[in-house]
Every structure is written in C-alpha cells, then in structure tokens.
Amino acid sequence: MIEQNALHRAPSMQRPEPPAAARSGERASPVRLVRGHIATIAGFVTSGLAPELPSAVPWRFRVPGAPYGAATLTGLYFPSPGSRDLVVLLHGMGGDVRSAYQRPATAALRAQGLSVLRLGQRGSSRDPEDLHHAGLWEDIAAVMSGDPIVARYERIFVVGFSMGGHVALRLAAAGHPRLAAVASICSPLYLDRAVSHMDRPESVVYRRHVLAGLKRMYREVARSRPMPVPPSVVDQAATLREWDRLTVVRRFGFRDPTAYYEAQGAGRILGSLVTPALLLYSRQDPMVPPATLAGLEAHGGLSSPARVVWMDGGGHIALPRRLDLGLDPIVPRTPYEQIAAWLRRHRAPGGAS
C-alpha cells in the first residue's frame with residue numbers, strides 16, 4: 001500500500017503534535033533534560049561498542065562540476081542479496097561514513113532485506129576536496145542520477161541523522177524520480193535557532209565534539225586546495241556560528257551566517273515537500289530540543305507527504321527501544337523495523353512500488 005496521506009495519526013504513545021515546549025518555546029524540565037543527556041551519551045557509547053558489519057564494500061562517485069564544482073564522494077556499501085531497494089544513510093555534522101550511530105541502523109535495515117549505502121558528504125572522506133553545508137542536496141541527487149550501483153535499485157530511500165536529516169529534507173523538497181521517501185532523525189529545521197542553542201555555554205560538550213570533527217575536515221581539505229581562511233584561524237572558532245562565518249559563508253558565497261541559515265533552513269520549505277518524509281523527534285533531545293522547533297505547528301499538516309512523530313524517550317539520534325508508528329501489528333515495535341516498514345509503503349515517482 002502506498003502511503004500518501006497528510007499528517008498521519010499515530011498511537012498516543014507517539015503523538016505527532018508538537019509538545020508544549022515546541023509550541024511555547026519553553027525549555028524542557030530538568031528531569032527530562034537529564035534523561036535526554038543520559039540517553040544521548042549512552043547511545044553514543046553503545047553504538048561505538050557495536051561491531052562493524054564485515055560486508056562493507058568501498059564506494060566512490062565523482063560528482064560533476066555543477067552547481068558547486070566537481071568533487072569525489074566516498075562511502076561504504078552494504079548490499080543485501082536480492083534487494084530491489086536501497087537506503088542511503090547521511091551522517092550528521094562533523095561525522096563521516098564510519099560514525100558509530102550508523103552501525104545499528106545499517107545492521108537493522110539489512111536484516112529487513114534492504115541494501116544500505118553510507119554516503120559521505122563533501123569533506124568527510126579521508127582525502128576531502130571540498131566542504132558541504134546543511135542544505136547541499138545536489139550531490140545526493142547527482143548520485144541517484146549517475147552512480148551505476150545506485151542504478152541497480154528500483155527504489156531509493158534516504159535516512160539522515162541530525163544535519164544529514166536536514167539535507168534529506170531539502171532533497172525531499174527538490175524531489176527526484178528515483179527517490180521514494182526520506183526519514184530525518186532528530187534534525188534541526190530552523191538553523192539560526194539550532195545554532196544559537198548549540199552555542200550556549202550549557203551545550204559546550206556537544207559543541208566541542210561537533211567542532212572537532214568539522215575542524216579536522218577543514219584541515220584535510222586545506223591540504224588539497226587553497227582555502228579562503230587559514231586552518232590556524234578556523235581552529236580558533238569556539239562556536240558553530242563562528243565556524244559558519246569563517247568557512248561555509250566564505251566558500252559558498254552567503255552574505256553572513258544569518259543569510260545562510262535563512263536561505264538553507266528546511267523549516268521554510270516544509271510546506272512544499274514533494275517526497276514523503278518522516279520526521280522523528282525526541283522530547284528530551286539535548287541538541288535539537290523542542291524549543292528550537294517552535295513554529296513547527298504553524299505549518300499545520302505540512303505538505304501532504306509529511307509526517308511528524310514526537311518520541312517520549314531517547315535522546316539526540318539515540319532512538320528509544322520501542323517505536324510505534326501505527327503500522328501493521330505484525331511489524332516489530334523496534335525503531336528501524338518501524339522505519340523500514342514506513343519507507344517501504346512508498347514508491348518512487350519514476351519507478352515501481
């Protein structure tokens with residue numbers, strides 16, 4: 001069955017309506033905030049302890065010149081014998097294809113008979129040539145149009161984590177004949193608000209972790225091409241807004257960080273999605289809390305292919321043990337089994353269901 005309804009109703013455990021904090025902009029309760037921190041850190045640790053699947057095949061694709069110049073993308077490909085469907089996983093800001101949170105996702109999705117491609121965005125490879133930004137969906141579209149491995153599959157799904165989910169939503173607004181559906185997990189929507197939250201003193205641990213990955217990426221890129229700002233200067237950036245001012249703004253020609261956030265933020269295009277999108281949020285996410293999503297309810301039902309689900313447990317890209325999307329009762333109430341089943345309810349515009 002192809003699911004193309006408006007904002008769908010889920011069981012009461014996973015209500016799609018924004019929580020009070022998202023409606024009013026208030027902060028989460030101290031207890032919920034502590035739980036979110038614990039879940040986020042525990043998810044990071046347990047994912048890191050999970051073994052990597054031994055069946056990874058190195059993947060490589062050369063993006064043509066337009067619109068941001070040619071660049072080589074790399075990734076890890078996990079084929080599932082006989083599968084007609086491919087899930088592209090997009091890592092978060094400062095991450096790469098080996099980021100640990102993708103391990104349980106890869107294993108669970110392959111167990112459902114889906115092939116998986118962990119796609120590294122510009123700058124995330126070990127020999128990076130360029131930077132990416134929060135709205136750069138064109139590279140993923142180029143992969144879907146031109147990569148011979150991707151061409152083997154009838155349906156393509158994209159699942160993005162945090163900022164990777166933001167890119168997935170931008171792709172869902174642009175659409176692609178081979179793209180059947182996307183899922184974004186704990187993704188920011190209003191970039192200015194999200195960056196302001198991450199730049200608060202209370203977020204210093206998470207901010208330093210993200211900035212460490214970004215600065216490492218920038219240093220590697222600077223070894224292969226001239227960059228407008230020396231790495232020694234970029235290394236001094238203490239906030240995400242300063243990072244964006246020194247790097248993304250200069251590389252991609254935005255006037256300033258505010259102009260970048262306004263131009264690329266997914267919040268402003270939620271009403272024009274053309275691809276089915278599942279947006280998963282935790283009420284106790286310490287990095288993308290409900291307060292940063294205030295205004296989400298102003299979109300009403302969003303566009304017809306969109307569904308928002310608020311989860312009571314979990315943390316940032318740390319899904320709760322149980323997730324119920326209101327699907328067929330035979331589908332296990334575990335996160336990636338539910339996500340896989342939701343994705344498979346959709347067909348690509350130019351392909352078979």
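**Group meeting: burial and salt bridges in a predicted model**

Leucine 49 is exposed, with a relative accessible area of 69%; by the convention used here, exposed means over 50%, buried under 20%, and partly exposed in between, with a 1.4 Å probe and protein chains only. Good morning, colleagues. The structure shown above is a predicted model, in which local features need pLDDT of at least 70 and side-chain atom pairs count only at pLDDT 80 or more, whereas totals for chains, interfaces and linings use all residues. Residues are numbered from 1 along each chain as its sequence is written, and side-chain values use heavy atoms, with hydrogens and water left out.

I begin with confidence. The predictor's confidence in each residue, pLDDT, runs from 0 to 100. Its mean over the chain is 88, and 89% of the residues reach 70 or more. Over residues 1–26, however, pLDDT stays under 50, although the model has 73 contacts beyond four places in sequence for that stretch; a contact means heavy atoms within 4.5 Å. Where pLDDT is low, the predicted coordinates should not be read in detail.

Let me return to leucine 49, which is found in helix α2, residues 30–49. Helices (H or I, at least four residues) and strands (E, at least two) are DSSP runs, numbered from the N terminus. Together with Ile41, Phe44 and Val45, Leu49 forms a nonpolar surface patch of about 430 Å² of accessible area. Such a patch is made of residues with over 30% relative accessible area and no salt bridge, nonpolar side chains (Val, Leu, Ile, Met, Phe, Trp, Tyr) being joined within 5 Å and like charges within 9 Å. The areas come from the Shrake-Rupley method with a 1.4 Å probe, and for residues only the protein chains shown count as cover.

Helix α4, residues 138–146, has seven of its nine residues buried, so it is largely enclosed by the rest of the structure. Helix α12, residues 335–343, is mostly covered, with nine of nine residues buried. Among the elements covering the buried residues of α12 are α3 (102–111), β5 (155–161) and β7 (277–282).

Which strand holds arginine 118? The residue is in β4, residues 115–119, and at 0% relative accessibility arginine 118 counts as buried. Its side chain makes a polar contact of 2.7 Å with that of glutamate 52, and also reaches the backbone oxygen of valine 97 at 3.0 Å. A polar contact is a pair of N or O atoms within 3.5 Å; within protein, one must be able to donate a hydrogen and the other to accept it, and residues adjacent in sequence count only if both atoms are side-chain atoms. Beyond four places in sequence, the residues that arginine 118 touches include Thr74, Phe78, Leu89 and Gln102.

Serine 124 is in the loop between β4 and α4 and, at 13% relative accessibility, counts as buried. Its side chain reaches the backbone oxygen of glutamine 121 at 2.7 Å, while a polar contact of 3.4 Å joins the side chains of serine 124 and histidine 91. Serine 124 and glycine 94 are 30 residues apart in sequence, yet 7.7 Å apart in space, C-alpha to C-alpha.

I turn now to salt bridges. Side chains of opposite charge can pair when their charged atoms come close. The criterion is a side-chain nitrogen of Lys or Arg within 4 Å of a carboxyl oxygen of Asp or Glu, and a search of the whole structure finds 17 such bridges. In one of them, arginine 155 pairs with aspartate 85, the closest N and O atoms being 2.8 Å apart. Arginine 155 lies in strand β5 and aspartate 85 in strand β3, so the pair ties together parts that are 70 residues apart in sequence. Arginine 155 is buried at 7%, and aspartate 85 is likewise buried at 7%. Aspartate 85 also forms a salt bridge with arginine 344, at 3.9 Å between the closest N and O atoms. That pair links distant parts of the chain, 259 residues apart, with arginine 344 in the segment after α12.

Finally, arginine 225 and aspartate 130 meet in a salt bridge of 3.2 Å, N to O. Their positions are 95 residues apart, in the loop between α7 (204–224) and α8 (231–234) and the loop between β4 and α4 respectively. Arginine 225 is partly exposed at 28%, whereas aspartate 130 is buried at 2%. Salt bridges with shared partners join Arg122, Asp130, Asp139, Arg225 and Arg251 into one network. Thank you.
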